[in-house]
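Please keep the sequence and the structure at hand while reading.

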Amino acid sequence: MLFHRRGFGQERALITGTCMTDADEFDWSKDVPDFTVDLAELDDDGHGFVYRGEPFSGIAISYYGDGQVESLRPCLNGFPHGYCQWWHDNGQLSQEWTAFAGMGHGWGTTWNEDGVVVKKRLSEFGRALEWAIFGPDGAVIETGTNRADKLTLEWVEKYRRLFPKAPVV
């Protein structure tokens with residue numbers, strides 16, 4: 001189901017239950033521009049990042065108070081789109097994941113402050129397909145899958161139809 005919200009001098013169609021814009025509205029096949037903006041300069045209108053009144057396309061960077069990089073988020077049409085990274089305040093990588101149109105799409109990994117893997121997750125259009133959770137010693141303590149879950153499969157199929165050129169997971 002779609003509803004419309006006024007913004008940017010035009011109507012932006014949004015898919016109910018997500019912050020995802022209508023597939024026909026934006027070109028998701030473009031490369032993210034090599035244009036970096038401090039996240040503090042972006043507005044978040046609840047439906048994506050906005051820069052100077054337009055959906056943001058570029059690389060959003062955030063910093064800790066000491067100036068150290070906290071996150072890098074490539075964005076397209078106002079949404080994370082591409083290889084995203086976060087760091088702990090001690091400089092250790094915290095998270096990395098790939099986004100497509102604002103949704104997790106591919107493998108993502110989370111580390112603790114000591115650099116030990118805490119979680120790995122495979123997502124397609126924001127829905128977890130597989131995951132593994134690791135203990136403090138790095139040993140796997142849980143695995144799971146949603147590959148047979150009817151609601152997950154329906155969601156993924158719907159978005160495969162909406163975005164036929166999306167990378168295959």
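The sections below treat strands, cores, a histidine, cysteines and salt bridges in turn.

The model is predicted, so local features need pLDDT of at least 70 and side-chain atom pairs count only at pLDDT 80 or more, whereas totals for chains, interfaces and linings use all residues. Residues are numbered from 1 along each chain as its sequence is written, and side-chain values use heavy atoms, with hydrogens and water left out.

**Strands and hairpins**

Helices (H or I, at least four residues) and strands (E, at least two) are DSSP runs, numbered from the N terminus. Two strands pair if DSSP finds at least two bridges between them. Strands of a sheet pair through backbone hydrogen bonds, either parallel or antiparallel.

Strand β14 (residues 117-124) runs antiparallel to strand β15 (residues 127-134), and six bridges join them. Within this pair, K119 stands opposite I133. The hairpin of β14 and β15 has two residues between the strands, and F125 takes a positive phi near 50° there. On to the next strand, β15 is joined by five bridges to β16 (residues 140-145), again antiparallel; A132 has T143 in β16 as its bridge partner. Five residues lie between β15 and β16 in their hairpin, where G138 in the turn has a positive phi of about 90°.

A further open sheet consists of three strands in the order β4-β5-β6, with antiparallel pairing. Its edge strands, β4 (43-44) and β6 (54-55), each pair on one side only.

**Nonpolar cores**

A nonpolar core is a set of buried Ala, Val, Leu, Ile, Met, Phe, Trp, Tyr and Cys residues joined through side-chain atoms within 4.5 Å. Buried means under 20% relative accessible area, exposed over 50%, and partly exposed in between (1.4 Å probe, protein chains only). The largest core has 15 residues, and those with the most contacts inside it include W28, F100, F125 and Y159. Helix α1 (residues 150-162) supplies the largest share of this core, three residues. A second, separate core of eight residues includes L39, L42, F49 and F56.

Contact means heavy atoms within 4.5 Å.

**Histidine and cysteines**

H81 lies in the loop between β9 (79-80) and β10 (82-87), and H81 counts as buried because its relative accessibility is 9%. A polar atom of the H81 side chain lies 2.8 Å from the backbone nitrogen of A101. Beyond four places in sequence, H81 also touches W28 and C75, among others.

A disulfide is a pair of cysteine sulfur atoms within 2.5 Å, and the count here is zero. The sulfur of C75 is 7.0 Å from the closest cysteine sulfur, in C84, and is therefore too far for a bond.

**Salt bridges**

A salt bridge is a side-chain nitrogen of Lys or Arg within 4 Å of a carboxyl oxygen of Asp or Glu. The whole structure holds four, including these:

| Pair | N to O distance |
|---|---|
| R160 and E124 | 2.8 Å |
| E154 and K150 | 3.7 Å |
| R160 and E157 | 2.7 Å |

Salt bridges that share partners join E124, E157 and R160 into one network. R160 lies in helix α1 and E124 in strand β14, so the pair ties together parts that are 36 residues apart in sequence. E124 is buried, at 4% relative accessible area, whereas R160 is partly exposed, at 37%.

How values were computed. A polar contact is a pair of N or O atoms within 3.5 Å; within protein, one must be able to donate a hydrogen and the other to accept it, and residues adjacent in sequence count only if both atoms are side-chain atoms.
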